[in-house]
Amino acid sequence: MTVNGQFPGVLRRPVPELEPYSAGFWAPAPARRINLQTCSACGAVQHPPLPVCAACGSGQLGFVDHSGDGTAYSFVVCERTFNAAFEAEGRYVLASIALDEVPDVRIFSNIVGCDPDSVRIGARVRVRHDPLDSPDGPLSVPVFEPAEDA
């Protein structure tokens, strides 16, 4: 059930502008997995999604789901926001995540479900998908939370 186009208890995020080459990233993914753009010509995995492969220039791109397990490579605790959609959340963590399956690709996202002061570089994290209603249909926002088995 949604309230004002959003799911109860879920951060009211702005809806991303979907481009044909990026829509697969925002599509709902299997639990604990993340959709990453992959070149079928050379096999390179890249993020953020681009219209062509950064490694070989091919336009033969698709999305493959990868493990959402990773490590906090770097992070910052944001003390205030410049977007009203995030004001109710107070302090939050913006992090660069190195994924286990593709460690050279960094995902910039939030680390949620913990005290921002408890986040450390090298902390084990796992992807979680927050649902988001959009005029284009259901989307998911990949965010990360501390791994339970860390």
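The mean pLDDT of the chain is 87, and 91% of the residues reach 70 or more. Among the helices and strands, confidence is lowest in α1, at a mean of 91, and highest in strand β2, at 97. Residues 1-10 have a pLDDT below 50, and this stretch makes 18 contacts in the model beyond near neighbours in sequence. Where pLDDT is low, predicted coordinates should not be read in detail.

An unreviewed UniProt entry annotates residues 64-128 as "domain: ChsH2 C-terminal OB-fold". In the model, residues 64-128 are 51% strand and 0% helix.

Empty space in a model can be found by rolling a probe the size of a water molecule over the atoms. The largest pocket holds about 370 Å³ of space. Its lining is formed by 18 residues, and R13, W26, F108, N110 and V141 are those nearest the centre of the pocket. At least two lining residues come from each of α1 (23-26), β5 (92-99), β6 (106-111) and β8 (139-146). Strand β6 gives the most, with four residues. Sorted by class, the lining of the largest pocket contains 14 nonpolar residues, three polar residues and one charged residue.

Most residues other than glycine have a negative phi, and most peptide bonds are trans. The bond joining H47 and P48 is a cis peptide bond, with omega at about 5°. P48 is located in the loop between β2 and β3 (61-67). R32, although not a glycine, has a positive phi of about 60°. This residue, R32, belongs to the loop between α1 and β1. Its relative accessible area is 41%, so R32 is classed as partly exposed.

C39 is part of strand β1, which spans residues 33-39. C39 counts as buried because its relative accessibility is 2%. Leaving out residues up to four places away in sequence, C39 touches A44, C53, C56, S58, Q60 and L61. The C-alpha atoms of C39 and G59 are 7.8 Å apart, with a separation of 20 residues in sequence.

V76 provides an example from another strand, β4 (residues 69-78). With a relative accessible area of 42%, V76 is partly exposed. V76 is in contact with Y92, V93 and L94 when neighbours within four places in sequence are set aside. From V76 to L94 the C-alpha distance is 5.5 Å, although 18 residues of sequence separate the pair.

The loop between β6 and β7 (124-132) contains I121, and P116 also has its place in the loop between β6 and β7.

Apart from neighbours within four places in sequence, I121 is in contact with A72, Y73, S74 and F75. I121 and Y73 are 48 residues apart in sequence, and their C-alpha atoms lie 5.6 Å apart. P116 touches V77, R91 and V93, again not counting residues up to four places away in sequence. Between P116 and E79 the sequence separation is 37 residues, and the C-alpha distance is 9.9 Å.

How values were computed. Residues are numbered from 1 along each chain as its sequence is written. This is a predicted model: local features need pLDDT of at least 70, side-chain atom pairs count only at pLDDT 80 or more; totals for chains, interfaces and linings use all residues. Side-chain values use heavy atoms; hydrogens and water are left out. UniProt positions are given in the numbering used here, feature names are shortened, and annotations may be inferred rather than shown by experiment. On a 1 Å grid over the protein atoms alone, a cavity is a set of points where a 1.4 Å probe fits but cannot get out, and a pocket is an open set with protein on both sides within 12 Å along at least five of seven lines; lining residues have an atom within 4 Å of a point. Grid points are joined across faces, edges and corners, and a volume is the space filled by probe spheres set on the points. Ala, Val, Leu, Ile, Met, Phe, Trp, Tyr, Cys and Pro count as nonpolar, Asp, Glu, Lys and Arg as charged, and the others, Gly among them, as polar. pLDDT is the predictor's confidence in each residue, from 0 to 100. Contact means heavy atoms within 4.5 Å. Buried means under 20% relative accessible area, exposed over 50%, partly exposed in between (1.4 Å probe, protein chains only).
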